[in-house]
Amino acid sequence: MAVRQRGDGWQVDVTVNGQRLREQHPTEEAARAAEARLKSGTRPAAVPAALRGRTLAAPVGQRITTLGELERHVARSRWSSQRAGEHAIANARAAVEFFGSDFELADITTALVEEYARWLAEQGDADGTINRKLSALSVMLKAAAVRGDLAALPHIERRPEGKNRERVIDAAEEAAIVSTLRLWGRDEIADLIEVLVDTGLRVRQEGLALRLPDLIPARLDRTGAQIEAGWIIVRDGKGGTKRRVPLTERANDRLAARARAARLRGDDRLWTVGYSQVRHAWDRVKVHLGLDQDDELVIHALRHTCASRLAEAGVPLLTIKEWLGHTQIATTQRYSHLSPNALTQALPALERGRPGLRVVKED
């Protein structure tokens with residue numbers, strides 16, 4: 001076999017004119033290209049003596065043409081040696097997820113970068129997070145330009161930070177959205193909307209990723225009444241975290257129905273729809289309800305709605321943090337203004353044994 005995987009790279013091993021030639025490359029694609037070059041008799045690019053035999057970030061003389069190749073090159077040559085390199089690599093991989101590993105660098109335009117930023121916002125990323133991911137993309141593209149692999153850089157405009165989306169939907173809007181979807185026969189998406197409102201899951205990474213083993217159904221008595229809440233297990237939250245989220249009776253009923261349907265299909269996926277279908281249905285409903293000009297009414301608003309309802313009910317912020325899977329309490333504190341009576345509700349804990357004091361709640 002002329003090309004085979006060896007260690008963390010791919011080795012080319014061919015015999016040309018009686019001479020055995022070997023080269024090591026970071027990807028199979030690069031190794032295949034090298035195999036063709038060696039067999040054609042083309043002279044390989046000069047490699048400094050100190051680098052011979054090593055797997056390089058990108059072999060000397062080899063052009064980088066795709067985003068996947070560029071991400072691997074920059075990760076190895078720059079970020080792997082930095083203290084916060086793993087975060088930069090994760091931010092860079094968001095661009096690879098959006099564009100695709102085989103997307104040609106020359107095809108990345110300013111307009112597509114703008115679409116990428118909008119897509120990140122739809123996933124629920126805050127402006128600061130979007131800027132870090134745009135910065136990672138910018139670093140990669142500049143590295144390609146320095147290498148001579150990219151003739152022109154697209155313009156990458158950062159977003160003003162400090163104004164994160166906090167749009168919530170009220171009960172009337174929720175009812176209108178769900179009833180419209182059911183009227184159109186989109187019951188699965190209507191069920192998903194209700195589950196997202198009641199759990200606060202991130203729609204794409206967590207909600208649509210649910211499978212049968214992730215559902216722990218509620219316990220019911222002989223009459224069918226719920227005696228113990230159900231749970232869902234989020235196995236791959238943001239940052240690779242894992243958590244459990246309790247289910248309302250409504251969410252439990254919707255997921256139990258989806259679980260029955262999955263078993264009948266012989267499939268463990270709770271949902272058969274994909275994100276693009278959900279997004280399309282959401283946009284249609286917005287137009288139908290006259291809300292299409294409300295740019296803040298994105299699907300991620302369902303997560304904010306769940307958090308806001310928890311805060312308004314007096315649930316402690318630390319509990320909300322664990323419920324939503326926030327890694328930093330600062331992220332959860334955006335909802336602190338929704339529970340203005342939290343301090344006065346805590347006051348009785350210090351007034352034990354002092355009769356006669358009546359705590360007056362704020363209006």
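Reply: Happy to! Let's take helix H11: 10 of its 12 residues are buried, so H11 is largely enclosed by the rest of the structure. Buried here means under 20% relative accessible area, with exposed over 50% and partly exposed in between (1.4 Å probe, protein chains only). Helices (H or I, at least four residues) and strands (E, at least two) are DSSP runs, numbered from the N terminus.

A word on the source: this is a predicted model, where local features need pLDDT of at least 70, side-chain atom pairs count only at pLDDT 80 or more, and totals for chains, interfaces and linings use all residues. Residues are numbered from 1 along each chain as its sequence is written, and side-chain values use heavy atoms, with hydrogens and water left out.

H11 covers residues 301–312 and reaches 16 Å from its first C-alpha to its last, close to the 16 Å expected at 1.5 Å a residue; that expected span is 1.5 Å times one less than the number of residues. Among its buried residues are Arg303, His304, Cys306 and Leu310.

What do the buried residues of H11 pack against? Their partners are helices H7 (187–199), H8 (203–207), H10 (275–288) and H12 (317–324), along with strand E8 (243–246). Contact means heavy atoms within 4.5 Å.

Finally, H11 is followed by Gly314, whose phi is positive, near 90°.
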